[in-house]
Each structure stands twice: as structure tokens, then as C-alpha cells.
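I opened this notebook to keep track of what I looked up, entry by entry, for a reader who is new to the structure.

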Amino acid sequence: MDPFLALLHSFSSSLSDGELSSLKFLCRGQIGKRKLESVQSGGELFNILLEQHLIARDKVSFLEDLLKSIKREDLVSQLKQFVEEGEANAPDDQLDVHEKRLQEAAFEVICENVGRDWKMLMRKLGISEVKMDRIVTANPYNLREQLVQSLREWQKGKGKDAKVTDLIKALRGCNLNLVADIVEQKLWLLNTGTR
């Protein structure tokens, strides 16, 4: 399955009727009125945009602008993540493999142990209230997913400057010392080659 089509399909599933109407309105300059009137889903709209070469795997700026216009920053984030993961040719902003492994381990510990204090931690890491609200809205009843997405948002925002030491410092700044200790212990085990 084409990963870009899978991404568009997931976007389509998460659009409300109002958001679809807004997208159709915003596409009026690019797509004929009759064609737009027949569109019943996000998938159909994305299909037309693909056919008219307005969007493609390596041409997402129009789609990004559309999603920003309807205030779906969560989908914009997913789109950017898709583009970043597809850009193996941009190593400058990539984490080295070892640091990424350490971060994944730290994320796992944080997700298992932080719970309802996650917003306090995210504020310490510099994630805005707007981004957190968007993440909560996208994952209303899933605390773990809210935390995972927030950590990924932090990781993405920092790029190669995202360091596990910053996570530990933020945990200690929130008086989540026990979690910080568990993270440090897990990282020590990873660094010494045991699990």
C-alpha cells in the first residue's frame, strides 16, 4: 500500500462534515464547481487533487496550506512527520541512531509513569497550550497517546537538538524525580549493552 495514500485516507477519516465543506470551498480556485459539488468525502477530494497534480508525495505544500486553513494542526504535524521520515536525504536535522534509541527508551518510561502530570512536563519542554489542546482533541480518551504525540511534537520541534538529558532535566523540574531516575537507569542499561 502506498504510504502517502494511507496517510490521505487517515486524514479523510478524521475530517468532520464542516471541515470537508471548508476544504471544498478553499479548493474552488483549483477545481470546477460541478466536480466539487459531487465530492462527498475527504478521500474523493484528495483523489481529485492527486489527479490534477495539486498534491503528491513530494508536493505537499498545497495540502499543508489547506489543513492549516481549517486549523487542523494535528494533521499538519502528521504530514510534516511523513515528509521528514521520507527525507532520508536530509541527515543534518536527523538524530543519530544512538540518540534516537535512547529517546525511544525514555519515551516508553515516561509514557508508563507520568500519567496525568503530562501537561506540566510538556510545558517544561516548551510545548504550547495550543499544540497540547490540539493533541487532546485528536486523542480525547487516550492519555498515553496524548503523551506520545506530545513527546513526538517536542522531538520534531527540536530536531537534532532533541536530547534525552533535556527530558530528564524537565522531569526533575516537575518534581518527577522517580520517573527521571527510572529513565536514567534504563539509559544506563542501554548504554552498557544490557536491557
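**Entry 1: a residue on helix H12**

I began with Glu 184, which counts as partly exposed at 36% relative accessibility; here buried means under 20% relative accessible area, exposed over 50%, and partly exposed in between, with a 1.4 Å probe and protein chains only. Before going on I noted that this is a predicted model, in which local features need pLDDT of at least 70 and side-chain atom pairs count only at pLDDT 80 or more, while totals for chains, interfaces and linings use all residues. I also noted that residues are numbered from 1 along each chain as its sequence is written, and that side-chain values use heavy atoms, with hydrogens and water left out.

**Entry 2: salt bridges**

I looked up the partner of Glu 184 and found a salt bridge with Arg 172, whose closest N and O atoms are 2.9 Å apart; the term stands for a side-chain nitrogen of Lys or Arg within 4 Å of a carboxyl oxygen of Asp or Glu. Because Glu 184 lies in helix H12 and Arg 172 in helix H11, the pair ties together parts that are twelve residues apart in sequence; helices are DSSP runs (H or I, at least four residues), numbered from the N terminus. Arg 172 also forms a salt bridge with Asp 181, with the closest N and O atoms 2.7 Å apart. I found Arg 172 partly exposed at a relative accessible area of 29%, and Asp 181 partly exposed at 38%.

The structure holds twelve salt bridges, and I noted a network of them that links Glu 19, Arg 72 and Asp 74. In another, Glu 153 pairs with Lys 156, the closest N and O atoms being 3.8 Å apart. Both of these residues, Glu 153 and Lys 156, are buried, and because they are three residues apart in helix H10, about one helical turn separates them.

**Entry 3: the largest pocket**

Which residues lie closest to the centre of the largest pocket? I found Glu 73, Asp 74, Ser 77, Gln 78 and Glu 153, out of 25 lining residues. For a pocket I used an open set of points on a 1 Å grid over the protein atoms alone, where a 1.4 Å probe fits, with protein on both sides within 12 Å along at least five of seven lines, and lining residues have an atom within 4 Å of a point. The space in the largest pocket is about 490 Å³, a volume being the space filled by probe spheres set on the points. The largest share of the lining, nine residues, comes from H6.

**Entry 4: the nonpolar cores**

I turned next to the largest nonpolar core, which has 31 residues, and saw that Ile 110, Val 114, Leu 121, Met 122, Leu 151, Leu 171 and Val 183 touch the most other members. Such a core is a set of buried Ala, Val, Leu, Ile, Met, Phe, Trp, Tyr and Cys residues joined through side-chain atoms within 4.5 Å. The largest share of this core, seven residues, comes from H7. Apart from it lies another core, of 26 residues, among them Phe 4, Leu 15, Leu 49 and Val 76.

**Entry 5: two loop residues**

Last, I looked up His 53, which lies in the loop between helix H4 (42–51) and helix H5 (61–69) and has a phi near 60°, a positive value in a residue other than glycine. His 53 is exposed, with a relative accessible area of 59%. Asn 175, in the loop between H11 and H12, has a phi near 60° and is exposed at 63%.
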